[in-house]
Amino acid sequence: MATPARKTAENALRACRRVQRSQVLIATALRTGVATLVIVAGGIWLGRVPESVSVAMGLVFVSIADLPGAPRDRLRMMLWGLLWTTLGVLIGGLVGEIGALHVAVAIVLSLACGFAASLGIAGGLFGTLTLVLFACYAGTSVGTEFALLDALLFAGGGVLAFVLVALPFPLRQLDSERQAVARAYAEIAQATRESGVELSAPTIAAAVHSAQALIDRAGCSGPTREWLEGLTANAERIRLVLLGILGEEGESPDETRELLRRLAPAATAAAQILHRRHREAELRRAIDDLAGTPLDSAALTVMRDEGVSAFRSTADLLAQPWPVGRRAEFVLTKVPSPPVMARLRAHLHWGDPVAEHAVRLTVAFGVATAVAVAVGFPHAYWLPLTVAWVAKPDLGGTVTRVTMRILGTVVGVVICAACIAIIMQTPIPGALLALGTAASASLALAYLWANYPIAVVGITLFVLFSDYLSGEDQPETLVLRLVATVAAGLWVLLVTLVRPRRSGPQAVDAMRRACAALRDYAAAVRTGNGIVEARAAVLAARTAALGAVTAAEAEPRGIWERPGPRINAEDAAPLLSDIILATSEIVAEDLLREHDEDDPELWGRIDASLADLEQRVGALGSTR
């Protein structure tokens, strides 16, 4: 039987292998890579390599701050990211040569960046990037070594990143909105190709929800809103069909697999069309193939027809003139946002998760900076830099990030060593280094949201190639970077494991709420009242349970544990899958009743499943 430590490691490694294909940002990667190549190659040609490196750093790191969302949200967040990352570069350059001041500023800055997590995903990301750049510019001679000049050059690269993102927006082509809807269809296609559709169900739901939220935030109106919401509603309907099919898997496994197999091409074609990769004929053929699926099960026949109807509606919407460009309609309204200071003050008390994260980050980053300043070996700044990258508010997230960071850095260093050995033997090492820097920037941006270890490989290569361009790196220092990465990762784990805040209690409560929401949904389907609201409540409760259980699976045993209930993640994970399966059975009955069908046997399975789930969740909550 696997030990808890081994189980934690296996879960972390499994997270490293997971790739969200629909989140691979090809256009962003190409745009950033080409711009980086032009900047670095221009610096080599003009003999201004240090200056070009700082500009390229600004381009890449502000591009990382380009969070998915509505165009105006993306641009606003990029400007905030530009401001805070430039401050990190400036402050790091100013204090880097003054040891005591360097450490003191690192402590204050890490505390502030830790509290930035209270401002949401954007705040946490900007805090991380600011600390990373502070560590980089304070601990190495990257750039020109003149703090103000480096900050200005970095800001110039950031402005270029902003302009490259902003330029397409006046064309009103709805790129962000179309890509969000396309991602929902792509997630459906990926789920139907893999075993265990129930594992992908929350991801599909999140993609559909994100698309709808983006349409709202973008201020789409008139025919534009109707068009996008029609596509999103069809994706949601297909998601429900998938769950309904899953609810019949136990009764008709072969027919279920065949039906899922035929769903994939239609979803793929719809996603491709939205990306303007014209495949209208493929979509129609895939729909016809789906409609011709031979089935004996009456319930699966209903599911098939529902899916065909939704896909035909999608095909019709995609065939009409798109309401984009000059035909696009928007009503830009101000979206209320809570005051920043009020949000920060709400977390200024001990026992608050954000406050505890800020303190842990301060200890981890401050000590790592002090060690780097004291030992003074080449590239010791890699210690605090790694701490800034991997430290997360939750224990499970930190364990996973440390594993991902170490794996990504090892791969990046090995690739870099091989590339440098080859490049330095050629007559054009500068040109090849510029090409490698651009390629690594593209890799990092492409997989930033799809697979963190691959993004780490890209970031590692980008920094290493930048150092080689500046003439500040030697092959033997690559080993030191590996040692620093492992040491920093272990140090962050040690700090995080002291009185950790566990996800177990939240997981138990979330699963209890999910069971209650399932009861309400089943009652709503039986009575025909409040079905949509009950279904939305199930989705919200199930998503919360998934997050808590996933986090609990990656949490090792801590030091000086808090009192409270503990759960066995091996018991909790199957429960989560069974909650999704129970949802699928109710969805199946929901779809059948819409067609004046009813399956008494299915209701029997639903009642038995809910009773079993409630009993098992109750037993799980008593584990200590």
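Predicted model: local features only at pLDDT ≥ 70, side-chain atom pairs only at ≥ 80, totals over all residues.
Reader: Is α16 roughly parallel, roughly perpendicular or oblique to α20?
Author: Roughly parallel would need an angle under 35 degrees, and roughly perpendicular would need 65 to 115. The pair packs at about 50°, and α16 passes α20 in a right-handed crossing. That angle is why α16 counts as oblique.

Reader: How do the residues of the α16 and α20 contact divide into nonpolar, polar and charged?
Author: On the α16 side you'll find W382, L383, T386, V387 and V390. From α20 come R481, A484, T485, A487, A488, G489, W491 and V492. Arg counts as charged, and Gly goes with the polar group. So the contact divides into nine nonpolar, three polar and one charged.

Reader: How are α5 and α15 oriented, roughly parallel or roughly antiparallel?
Author: Helix α5 spans residues 99-115, and its axis is 8 Å from that of α15, which takes in residues 353-375. The two pack at about 160°, and the cut-off for the antiparallel class is over 145. Because of that angle, α5 is roughly antiparallel to α15.

Reader: And how many charged residues are in the contact of α5 with α15?
Author: The crossing is right-handed. Residues of α5 such as H102, I107, L111 and F115 are among those meeting a set in α15 that includes V354, L361, F365 and V373. The contact has 13 nonpolar and eight polar residues, and the number of charged ones is no charged at all.

Reader: Is P353 buried, partly exposed or exposed?
Author: P353 lies in helix α15. Its C-alpha atom is 9.9 Å from that of F115, a residue 238 positions away along the chain. Buried would take under 20% relative accessible area and exposed over 50%. P353 has 41%, so the class is partly exposed.

Reader: What is the relative accessible area of T224?
Author: T224 is found in helix α10, residues 222-247. Leaving aside neighbours within four places in sequence, T224 is in contact with L174, P323, R327, A328 and E329. T224 is buried, and its relative accessible area is 0%.

Reader: How far apart are the C-alpha atoms of A446 and Q23?
Author: A446 belongs to helix α18, residues 429-446, and is buried at 7% relative accessible area. Not counting residues up to four places away in sequence, A446 touches Q23, V24, L25 and A29. A446 and Q23 are 423 residues apart along the chain, yet their C-alpha atoms are separated by 8.3 Å.

Reader: Which residue has a positive phi although it is not a glycine?
Author: Most residues other than glycine have a negative phi. Here the phi is about 50°, in the loop between α20 and α21.

Reader: Zooming out, what share of the residues in the protein chain is buried?
Author: The chain has 24 helices and zero strands. Of the contacts with a separation of 6 or more, 79% join residues 24 or more positions apart. The chain exposes about 26,400 Å², with carbon and sulfur atoms supplying 63% of that area. Among the 624 residues, the buried share is 54%.

How values were computed
Residues numbered from 1 in each chain as written. Heavy atoms only, no water. Helix = DSSP H or I, 4+ residues; strand = E, 2+ residues; numbered from the N terminus. Buried < 20%, exposed > 50% of the residue type's maximum accessible area, 1.4 Å probe, protein only. Contact = heavy atoms within 4.5 Å. Areas by Shrake-Rupley, 256 points an atom, 1.4 Å probe, with all protein chains shown as cover. Axes fitted to C-alpha atoms, helices over the stretch in contact; angles between N-to-C directions. Left-handed = near helix turned anticlockwise from the far one by under 90°.
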